[in-house]
Amino acid sequence: NADARENKHSLTPYMYAVNILRCISRCRKRKKRLRIIAIIAAALVTILLYHLGTSKEFRFNPSAVKGYHFCSPGAQEPQQCQHTFNPPLPTSNTIIVTFINKEWIPLAHNWICSVEKVGLSNALYLVAMEPGVCQHFPNTPCYQHPTAAIEGTYFGQPGYQQFMIERTKFILSMLPCTKSHVLFSDTDVVFRNNPIAVLDLELVNYDIVFQEDSTGIYLVDILATYVFSYICGGFVYLRPSNEMVDFYKSVLTYQLKWNWNDQAGLNICIRHRSRSIRWRTLDKTLFPNGKEFFQFHPDNMKALAVHANFMPRIVDKVANMIGQGVWCLKETGPKYCREYRRSYCEGMEPPAVWCKQLLAACCKQYGDVDVEMCVV
């Protein structure tokens, strides 16, 4: 204390001992503070590494994942085109492909609208996975899949599983037959601006790029969303090559011999230690998935293409697209607004979670077309 410091000679042995113990206590508290600071710093470094993306996959071990051995690379022999496409594949620098069946026809019309709106109509190519679909698209090149009889579109259903396998088979038949860059896009994607210049720039340094999903899958890693960039199979841009053909062959082998899920196969096979594919996931600001855009950042005006995944029902996809102002087909908007209002907002208890947002958007965008919709 102050008196003791002023008169050292007045300190008793007892007081010396007390001061020594106080000093030791202060040192221990200082060490404890340093340990806490070190723990906080380590946590911040861990968060930083996560946000750096695929270059820092510090937990994922693909070889420990079941089905990994089906991803082994093959001989990568030169591939010859062995398929005839009718109508022919586009000859543009980029081909944009989507796969559809009857249930996805409304989404496909909207997809075409958005692609044409950004000036890419000459790159379109539809693949119909169910009979009678192509007749709904008389002005767009539409290939009727020879084994097309796939009706199921709900995630995980047997029809959906077969759909994913046939999609991979088509990709394998197509890649040796074109030198154009190829964008494989799901029909629940909306193009807001032309993304091709940005995507072509990616292929200067990479062989293939993927949209990043916001979650993992139990087949790969139950903590995947916290560990590595999980790629989405519904928005893929690539440069055709023998290596790409071999890569998709391994994905198909995975699907046929282990699990139908092409996205799980893509995530596992792309990371096979014997592969040297240069790849990355795209900027989520420019290419947001359904969770990133519709749940977290609906005000994102920088997005070039928005993907309405994370919503298994088509009604939820359409309602959210209209509600967030990214539905392209203005002529069908009022129709869906009326139908959804009656079936899901007024005719259902409780109403769908998107009703308030949908009705506000419908009134704002189509109120002059359907005045009844804006009457409270």
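1. The model is a predicted one, and the points below should be read accordingly.

2. Strand E8 covers residues 279-281 and runs parallel to strand E6, to which 3 bridges join it. A further pairing between these strands involves Phe 210, whose bridge partner in E8 is Thr 281.

3. Strand E7, residues 230-238, also pairs with E6, here in the antiparallel sense and over 6 bridges. One of the pairs can be located by name: Asp 213 has Tyr 230 in E7 as its bridge partner.

4. Strand E6 itself spans residues 208-213 and is mostly covered, with 6 of its 6 residues buried. As a general point, side chains in a regular strand alternate between the two faces of the sheet.

5. These strands belong to an open sheet of 7 strands with mixed pairing, in the order E3-E2-E1-E4-E7-E6-E8. Strand E3 (142-144) and E8 each have a single partner strand and stand at the edges, so one side of each is left without a neighbour in the sheet. On average, neighbouring strands of this sheet are turned by 30° against each other, direction ignored.

6. Helix H7, residues 262-269, lies across both E6 and E7.

7. Which residues touch the most other members of the largest nonpolar core? They are Val 97, Ile 208 and Tyr 248, in a core of 74 residues. Helix H4 (residues 158-174) contributes the largest share of this core, 8 residues. Apart from this core lies another, of 30 residues, which includes Ile 100, Cys 134, Leu 199 and Tyr 237.

8. Leaving aside residues up to four places away in sequence, Val 97 touches Trp 111, Tyr 125, Val 127, Phe 170, Met 174, Val 182, Leu 183, Phe 184 and Ser 185.

9. For the protein chain as a whole, the secondary structure comes to 11 helices and 9 strands. Of its 376 residues, 50% are buried. Among contacts with a separation of 6 or more, 71% are between residues 24 or more positions apart.

10. The final point concerns the surface. The protein chain exposes about 19500 Å², and carbon and sulfur atoms supply 55% of that area.

Key:
Residues numbered from 1 in each chain as written. Predicted model: local features only at pLDDT ≥ 70, side-chain atom pairs only at ≥ 80, totals over all residues. Heavy atoms only, no water. Buried < 20%, exposed > 50% of the residue type's maximum accessible area, 1.4 Å probe, protein only. Helix = DSSP H or I, 4+ residues; strand = E, 2+ residues; numbered from the N terminus. Pairing = 2+ DSSP bridges. Core = buried A, V, L, I, M, F, W, Y, C linked by side-chain atoms within 4.5 Å. Contact = heavy atoms within 4.5 Å. Axes fitted to C-alpha atoms, helices over the stretch in contact; angles between N-to-C directions. Areas by Shrake-Rupley, 256 points an atom, 1.4 Å probe, with all protein chains shown as cover.
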